[in-house]
Amino acid sequence: MRVEIRFAGLGGHGVVFGGRLIGYIASLEGFDASMTVAYSPAQRGGWSVADVIISDEEVLYPYVENPDALLATTQERYENEVGKVKRGGLVIYEESTVKPRRGDVLHVGVPAFRLAEERAGSRMFANSFIVGVFLAVTKLAPLERGLEALEKLGARALEMNKKALEEGYRYGASLGVSVELFQRTEAAERRH
C-alpha cells in the first residue's frame with residue numbers, strides 16, 4: 001500500500017506543519033511516512049506544498065506524482081494540483097476560497113478558516129482543522145493518535161491546535177463520508 005497526499009496552499013497557512021502532522025500520525029500507526037516540501041520563490045504571499053507518502057513498506061521514492069488525496073486552501077493551488085489527483089481520489093478544500101471543478105474525484109468542502117477562528121481562537125489553526133477532517137474521512141487513525149502526535153511534535157499553541165484538530169475531526173465525522181485509503185497490512189502491523 002502506498003498513499004500519496006498533497007497539502008497545498010499559501011505560505012502562512014501551516015501547510016508544512018499539516019503535512020508533518022499527517023506523516024507523524026501515520027508513523028504512530030505503524031506506517032512508514034516521508035515528506036517533501038516546495039515553496040514559491042516569493043518572499044511574501046507565495047505558495048507552499050507539502051507532499052506526504054504513507055506506506056506499509058519503506059518509502060524508497062519520496063515524491064508525489066499522482067496524489068490519492070489533495071488538501072487545498074487556495075484556488076490557485078487547487079487549480080494547479082487537482083488535475084494530478086488520481087481518478088476517484090479525495091479532495092478536501094477550504095470552501096471559502098476554493099471553487100471545485102473536477103467531477104471524477106470526491107470533493108469535501110470545509111469551512112476550516114471560519115471554524116478554526118470560531119472554535120480554536122484563530123484561523124491560523126485551519127491546518128489542524130483540515131488534518132482532523134482528513135483523519136475522520138480517511139480513517140487513518142483515531143483522534144487520540146492525532147492529539148498524541150501534536151504533543152510529540154511539540155506544536156506551538158498546543159491546546160488551540162488540539163482544539164482545532166478535535167473540531168475538524170468532529171466536523172469530518174459528521175459528514176458521513178468515508179474514503180478507505182489506508183489498509184492495515186501485516187507489514188504495517190509489524191511496524192506498529
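Reader: Is Ser55 buried or exposed?
Author: This is a predicted model, where local features need pLDDT of at least 70 and side-chain atom pairs count only at pLDDT 80 or more, while totals for chains, interfaces and linings use all residues. Residues are numbered from 1 along each chain as its sequence is written, and side-chain values use heavy atoms, with hydrogens and water left out. The cut-offs are under 20% relative accessible area for buried, over 50% for exposed and partly exposed in between (1.4 Å probe, protein chains only). Ser55 has a relative accessible area of 7%, so it counts as buried.

Reader: What does the side chain of Ser55 reach at 3.0 Å?
Author: Think polar contacts here: N or O atoms within 3.5 Å, within protein one able to donate a hydrogen and the other to accept it, with sequence-adjacent residues counting only if both atoms are side-chain atoms. The one at 3.0 Å is the backbone nitrogen of Glu57.

Reader: Why is strand 1 largely enclosed, and how many of its residues are buried?
Author: Strand 1 also pairs with strand 4 (residues 69-72), in the parallel sense over four bridges. Strand 1 covers residues 2-10 and is largely enclosed by the rest of the structure because the buried ones among its nine residues number seven.

Key
Helices (H or I, at least four residues) and strands (E, at least two) are DSSP runs, numbered from the N terminus. Two strands pair if DSSP finds at least two bridges between them.
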